[in-house]
Amino acid sequence: QVQLVESGGGLVQAGGSLRLSCVASGLPFSTSAMAWFRQAPGKEREFVSSISRNGGQIDYADSVKGRFTTSRDSAKSTVYLQMNSLKRDDTAVYYCASDIRTPIWSQVPRRVSAYDYWGQGTQVTVSS
């Protein structure tokens, strides 16, 4: 069955860095657009970043642009989220997700409902 497994979360001071990883199995990774979302306590799940099937199209939420970098390694079926200059507002559970339905010629979506598979999430806590 399909599994997305995130890792790399933890506790970090403001201004620090973390690198999240998401390993996919049971799905055609090379034909899946991938994305990162996050959810803080009491808030809705929000889009963070996405990367197209071939890695040529990467999208970021304005709140993380310039600080976060998304990449993928198809040989390892893994997508990464490098997070630098972390702020307290970045504290959340981070989820990776896979989209296998959006046509390849369309922009990778930002809406939660477009994604077919989700990981269990990894906690990121940024302290002041």
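A polar contact is a pair of N or O atoms within 3.5 Å; within protein, one must be able to donate a hydrogen and the other to accept it, and residues adjacent in sequence count only if both atoms are side-chain atoms. The model is predicted, with local features needing pLDDT of at least 70 and side-chain atom pairs counting only at pLDDT 80 or more, while totals for chains, interfaces and linings use all residues. Residues are numbered from 1 along each chain as its sequence is written, and side-chain values use heavy atoms, with hydrogens and water left out.

**Arginine 38**
- Arg38 is found in strand S4 (strands are DSSP runs of E, at least two residues, numbered from the N terminus).
- Arg38 counts as buried because its relative accessibility is 6% (buried means under 20% relative accessible area, exposed over 50%, partly exposed in between, with a 1.4 Å probe and protein chains only).
- The side chain of Arg38 also makes a polar contact of 2.9 Å with the side chain of Tyr94.
- Not counting residues up to four places away in sequence, Arg38 touches residues including Glu44, Glu46, Phe68, Asp89 and Asp90 (contact means heavy atoms within 4.5 Å).

**Nonpolar core**
- The largest nonpolar core has 33 residues, and Trp36, Phe68, Leu81, Met83 and Tyr94 have the most contacts inside it (a core is a set of buried Ala, Val, Leu, Ile, Met, Phe, Trp, Tyr and Cys residues joined through side-chain atoms within 4.5 Å).
- Two or more residues each come from strands S3 (18–25), S4 (33–39), S5 (46–51), S8 (78–83), S9 (92–99) and S11 (122–127).
- S4 gives the largest share of this core, 5 residues.
- Beyond its neighbours within four places in sequence, Tyr94 is in contact with Arg38, Phe68, Leu81 and Met83, among others.

**Largest pocket**
- The lining of the largest pocket includes Arg38, Lys43, Glu44, Arg88 and Asp89 (on a 1 Å grid over the protein atoms alone, a pocket is an open set of points where a 1.4 Å probe fits, with protein on both sides within 12 Å along at least five of seven lines; lining residues have an atom within 4 Å of a point).
- This lining divides into 2 nonpolar, 2 polar and 6 charged residues, with Asp, Glu, Lys and Arg counted as charged.

**Glycine 9**
- Gly9 is found in the loop between strands S1 (3–7) and S2 (10–13).
- Gly9 is partly exposed, with a relative accessible area of 32%.
- Gly9 and Tyr94 are 85 residues apart in sequence and 8.1 Å apart in space, C-alpha to C-alpha.

How values were computed: Helix = DSSP H or I, 4+ residues; strand = E, 2+ residues; numbered from the N terminus.
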